[in-house]
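Here is a short report on ring contacts, a sheet and its packing. Look at the model first.

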Amino acid sequence: MVYSSWLMVHSHYSPRIKSILSLFFLTLLGSSAKSQAPFKGLEPLFTTPENYVVYHTDNAPVIDGNINDLAWQQVSWTNEFRDIEGAGKPNPAYPTKVKMLWDDSCLYIAAQIAEPHVWATLKNHDDIVFRDNDFEVFIDPSNTTQPYYEIEVNALNTVFDLLLNKPYRDEGRPIISWDVKGLRSAVKIQGTLNDASDKDEGWTVEMAIPFKSISLGSQNQRPKEGTLWRINFSRVEWDTKVVDGKYIKLALPEHNWVWSPQGVVNMHYPERWGYLQFSRQAINSVTFNLPYTELEKQYLWLIYYRQKRWFKGHQAYALSLHDLGIDESVIIGKKNSTLKLEATKHQFMAWITDTESKAAYSINQDGFVQQSNTTSNE
């Protein structure tokens, strides 16, 4: 029931609107019309993700829900959340924004959630919190899409945390019994909780996420200068009415407002999350620059999306890039890269190799992306 409900709420719509930001991102990927043609029809999945430089602090904020600590006052807010599908959709009714910091043990998150009617009902750890209005964090420390972590919290500070071995679209399964050990979270209400007779300002959330709790096996996810993670934030907002002085959810789809638009109503596309760059430099002194390898990976995702569509229509994967309408040689900016595909009916592996450096990255049918030492099984 938990898994089916999760899928129903998070994965029931398809891409709808072409984002104007895609034009900019596709220009980075290739300067010619020919190089842009393969992305046609998938533009919402190739808009430029948001980014945030998170600065190291020697004075960690107190996790009490009050986000007025001096530590928080020194760092910038993210851009305000937008509709999950991005450009072309209405702006959220109420603003949401986030700040982040880190020290040698934890990632710290502060969220400000404007809300005229603050309510919550779920009180037990690992209740399906998104059935209330909630704030959600998605983290992929390895930038490979597998595994990744999700933390949800409502205005009662009830936490739902889970580990996913891979996205649901690739037959991933949520491990709800997993917990973020050592997680500290707090909520502060600017108004009154569950009181429909007044108007509230909203609620704030603070979290401290220990790096060791999101490190599996021999992995060590403690960041260094310049470490790059993928992260996103979501706010689920339900329409309500007041009945006998209580908030009652209407039988309408929830609103999904996010920091970095997904291009599809599904948070479980980790490759669409924003970029989080860690720095020990002076606060506000670092400018984020998208690594060239991230531009290369977009062509791997192009192959992945095309292959999934091909499989849906043919019950088998395409055996060549030609079948997918993708050239083997691509120009990204002013550099040349080479694509290669090896496939059977039920599996595939694709590579992109920087012609100059010979560095290669690969992707498989499960959407697992990694740096590769070889571009062939030969």
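Lys-249 lies over the face of Trp-238, 4.1 Å from the ring centre. Arg-169 places its charged end over the ring of Tyr-269, at 4.4 Å from the centre. A charge sits over a ring if NZ of Lys or CZ of Arg is within 6 Å of the ring centre and within 35 degrees of the ring normal.

This is a predicted model: local features need pLDDT of at least 70, side-chain atom pairs count only at pLDDT 80 or more, and totals for chains, interfaces and linings use all residues. Residues are numbered from 1 along each chain as its sequence is written, and side-chain values use heavy atoms, leaving out hydrogens and water.

Aromatic pairs number 21. Rings of Phe, Tyr and Trp (its six-membered ring) pair if their centres lie within 6.5 Å; planes under 30 degrees apart count as stacked, over 60 as edge-to-face and the rest as tilted. Two examples follow.

| Pair | Type | Centre to centre | Between planes |
|---|---|---|---|
| Trp-301 and Tyr-305 | tilted | 6.0 Å | 35° |
| Tyr-317 and Phe-348 | edge-to-face | 5.0 Å | 75° |

Trp-301 and Tyr-305 are about one helical turn apart, because they are four residues apart in helix 5. Helices (H or I, at least four residues) and strands (E, at least two) are DSSP runs, numbered from the N terminus. Tyr-317 lies in the loop between helix 5 and helix 6 (321-324) and Phe-348 in strand 18, so this pair ties together parts 31 residues apart in sequence.
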